Amino acid sequence: MARINDNYTKLASGYLFPEIARRTKVWSANHPGVQLMRLGIGNTTEALPMVLVDAMKAKLDKLSSRDTYTGYGDEQGDTPLREALKDFYKKHYGVELLADEFFVSDGAKSDAANIQNLFSEDCIVAVQDPAYPVYVDSNVVGGRSTGFQDGQYKGLVYLEGNSENGFIPLPPKQKVDIIYLCFPNNPTGAVATKEQLKTFVDYARENKAVIIFDAAYSSYIEDEELPRSIYEIEGAKECAIEINSFSKNAGFTGVRLGWTVVPHALVCENSEPDVLRGMWNRRQCTFFNGASNIAQAGGLAALSDEGYEACQGLVDYYKGNARIIKEGLESLGIECIGGKNSPYIWAKCPNGMSSWEFFDFLLDKCHVVVTPGAGFGAAGEGYVRVSSYGHRENVEMAIASIKENMR
């Protein structure tokens, strides 16, 4: 008799983003003809740089000829792309890695969900609070929680961010086995310093824990003193897996391309060096047939000097949007975190409103869609995440509407 995976029933009802879409759809149905300005989900909006498009077109043309057609590629990613990623880390981050430590995928989100498969079900997992939902939900489905209670999953350790610590928590006080970190952070926009990251690396090495470090927004860091890779911290190769993506710097949210770094030196409590890298390699070879060869051609172009400059133009555009949003909200006396070195602005709800109350107010009175902070965890209550991904004219209209209706 077939039986369901009971761990799915432990998930709290209503994934954040579909719930936003549902509420927005209902409101629009009741207000036909009213234009909404969306500053919610972090989906890129601007056209791809032509150097990337041309590279993907050239690859597509090769697929149209029998002489140059290619089918399955290496499950780990095309060798030229992995070599280019290695060179990119050395040039831009000052980090020495090997090409075979890079594993190309169809995006950071799927890797962030799948990486927990490497670890035993009885591992104790720590997550930032607030946190991007995939870190939490994938571990609940992986059997590391006994259920949802009072806004948190029992069995997980929550590292609370708040206004006092700038939404950058300290390492756990108790022993944990896996720690999820995201900097620049989604949703708060906070960015850890090298000194702050070092405390986590030191903790992980001492406790034989593994850090899962999501660096998907690293290209938004403009302060040269801030780390863009956890491997800038001494000892991190022994204790950290890094996940990254072309989505938010190259506009590949729909093209789908990312990578994960699993160093040879990585160890955990019951493994020697290279075991976890070998396990991830086996996992990818068994369950994954490799990222699209067309997308990988675009990724390779994005890492070239011309492509990098073009992608930074996209990043600068969204950072310009972030400045407009942050300055506009702060002019109303709204406390904000992020908006610099990050595409997200974490805004405190005014007048004691809850996250969903402020969401409804902005939707109903200002016709602006944001993301309620409560959807990212208990510590997100009382805040909303405002995304800089949007056309400049729509961002300007949204902020003008908020200013007009909140004064």
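Y180 stands opposite I212 in β8, and this pair belongs to strands β7 (residues 178-182) and β8 (residues 210-214), which run parallel and are joined over 5 bridges. Strands here are DSSP runs of E with at least two residues, and helices are runs of H or I with at least four, both numbered from the N terminus; two strands pair if DSSP finds at least two bridges between them. The model is a predicted one, in which local features need pLDDT of at least 70 and side-chain atom pairs count only at pLDDT 80 or more, while totals for chains, interfaces and linings use all residues. Residues are numbered from 1 along each chain as its sequence is written, and side-chain values use heavy atoms, with hydrogens and water left out.

Both strands belong to an open sheet of 7 strands with mixed pairing, in the order β2-β10-β9-β8-β7-β3-β6. Because β2 and β6 (157-160) each have a single partner strand, they stand at the edges, and one side of each is left without a neighbour in the sheet.

Strand β10 (residues 258-261) is antiparallel to β2 (residues 102-105), with 4 bridges between them, and S105 stands opposite G258. Strand β9 (residues 240-245) also pairs with β10 in the antiparallel sense, over 4 bridges, and here I243 stands opposite T260. Within β10, G258 and T260 point one way and W259 and V261 the other, and all are buried, that is, under 20% relative accessible area with a 1.4 Å probe and protein chains only, where exposed means over 50% and partly exposed lies in between.

Q76, in the loop between α2 (50-63) and α3 (79-93), is also buried, with a relative accessible area of 14%.
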